[in-house]
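Q: I'm new to this one. Can you walk me through it?

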Amino acid sequence: MTETWDALAGLVGAGDVVVLSGAGLSTESGIPDYRGPSGVARRHTPMTYQAFTRDPDARRRYWARSHLGWRTIAWAAPNAGHRAVARLQRAGLVTDVITQNVDGLHTAAGSGAVVELHGRLDEVVCLDCGNLTSREELDRRLREANPGFDGHVAAVNPDGDVELPDEAVTGFRTVDCGICGTGMLKPDVVFFGETVPAARVADCFSRVERARALLVLGSSLTVMSGRRFVIRAAKLGIPVAIANQGPTRGDDYAALTVDAPLGRLLPALADRLGAGPAGDATSGAVPAGVAPAAR
C-alpha cells in the first residue's frame with residue numbers, strides 16, 4: 001500500500017487537480033449512498049422527470065416523501081473528507097470540484113469553484129416562471145398546508161426522499177409557485193430521465209480538460225453522467241485516480257485506484273501534503289482502514 005499511497009500523494013501534490021465527487025464522500029455525514037457499503041436499497045423506483053411532471057399522484061408521493069427526508073440533507077454537516085478537499089483547494093493543489101451530490105456540503109466545507117452537476121436539494125425551481133426559491137420557504141408552506149403530517153421514516157435516500165407506504169401519503173397537499181401563483185414546483189436537481197443542462201456539462205468538460213489530473217472521490221461511476229469525465233480525461237492522457245470503497249465502472253480508465261474510507265484517507269493526504277491546518281486526527285502516514293493494495 002505504501003507505493004500506492006506515495007503515488008496518490010505525488011499525483012495530488014503536483015497540483016492542478018480537478019475533483020469529481022459522488023455520494024460515497026457524504027456517507028460519513030449521515031447521507032447514505034446507493035451502491036457503496038452504506039447503500040440503501042429502494043423499495044420504489046427513483047422519481048423520473050416524466051412521472052413527476054405528468055402524474056399528479058406521483059408528484060404528491062414524491063413531495064410527501066421528500067418533505068420528511070430532505071431534513072436529513074439539510075441538517076447534515078461536512079465531514080473530514082469534505083474539509084480535506086477544501087484544505088487541498090486552499091493549498092492550491094485542487095483547482096475545481098465537480099460533484100454529483102445535491103447536498104451542498106462541499107460549499108459548506110469551504111470549497112470554491114464547485115460545480116453541482118445535478119443541482120442542489122436546498123433550492124426549488126418553478127417549471128413555469130423559472131424562479132428559484134429556498135427549500136426552507138417551501139418547507140414552511142408545506143407544513144402549513146399539511147398540519148400534523150408525519151410518518152415513520154424507515155430509510156432516507158441520497159436524494160433526500162424517504163421510504164413511505166402509499167397509504168401514508170394519501171391526502172398530502174402540494175403547493176404551487178408562490179411567485180407566479182400557478183407554476184409547478186420541483187427541487188432544483190436533475191431527476192432520472194432529465195438531462196444535465198448542456199452548458200453545465202460543457203463547463204465540466206472544460207475544467208477537466210485544463211486539469212493535470214482528475215481525482216474521483218466516492219463515486220461508483222455507474223451512470224454516464226459522471227463517468228464521461230473520466231473517459232474524456234483518459235482519452236486526453238490526463239491521469240485519473242479513483243478513491244472509493246469498492247470497485248467502480250471507471251477503474252479500467254484509472255492510473256491509480258485506492259479502496260479506502262475517505263474520511264481517513266483525505267485528511268491524511270492533506271496532512272502529508274502540508275495542506276493545513278490539519279484539525280483532523282491524522283498523521284500523514286498511510287491511514288488506517290486503507291486497503292493493503294490498490295485494486
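This is a predicted model: local features need pLDDT of at least 70, side-chain atom pairs count only at pLDDT 80 or more; totals for chains, interfaces and linings use all residues.

Q: How many helices and strands does the chain have?
A: The chain has 9 helices and 9 strands.

Q: And what share of the residues counts as buried?
A: Of the 295 residues, 52% count as buried.

Q: On to rings. How many aromatic pairs are in the whole structure?
A: A search finds 7. One of them joins Phe52 and Phe191. Their centres are 5.2 Å apart, with 80 degrees between the planes. That pair is edge-to-face.

Q: Where do Phe52 and Phe191 sit in the chain?
A: Phe52 is in helix H2, residues 49-54. Phe191 is in the loop between strand E6 (185-189) and helix H7 (198-210). The two are 139 residues apart, so the pair links distant parts of the chain.

Q: Buried or exposed, those two?
A: Both Phe52 and Phe191 are buried.

Q: Why is the pair of Tyr62 and Trp63 edge-to-face?
A: Because their planes are at 70 degrees, and the cut-off is over 60. The ring centres are 5.5 Å apart. Tyr62 and Trp63 are both buried.

Q: What lies over the face of Phe191?
A: Lys186, at 4.7 Å from the ring centre.

Q: And over Phe205?
A: Arg232 lies over that face, at 4.0 Å from the ring centre of Phe205.

Q: Last topic: what does the accessible surface come to?
A: About 12,500 Å², and 50% of it belongs to carbon and sulfur atoms.

Technical notes:
Residues are numbered from 1 along each chain as its sequence is written. Side-chain values use heavy atoms; hydrogens and water are left out. Rings of Phe, Tyr and Trp (its six-membered ring) pair if their centres lie within 6.5 Å; planes under 30 degrees apart count as stacked, over 60 as edge-to-face and the rest as tilted. Helices (H or I, at least four residues) and strands (E, at least two) are DSSP runs, numbered from the N terminus. Buried means under 20% relative accessible area, exposed over 50%, partly exposed in between (1.4 Å probe, protein chains only). A charge sits over a ring if NZ of Lys or CZ of Arg is within 6 Å of the ring centre and within 35 degrees of the ring normal. Accessible areas come from the Shrake-Rupley method with a 1.4 Å probe; for residues, only the protein chains shown count as cover.
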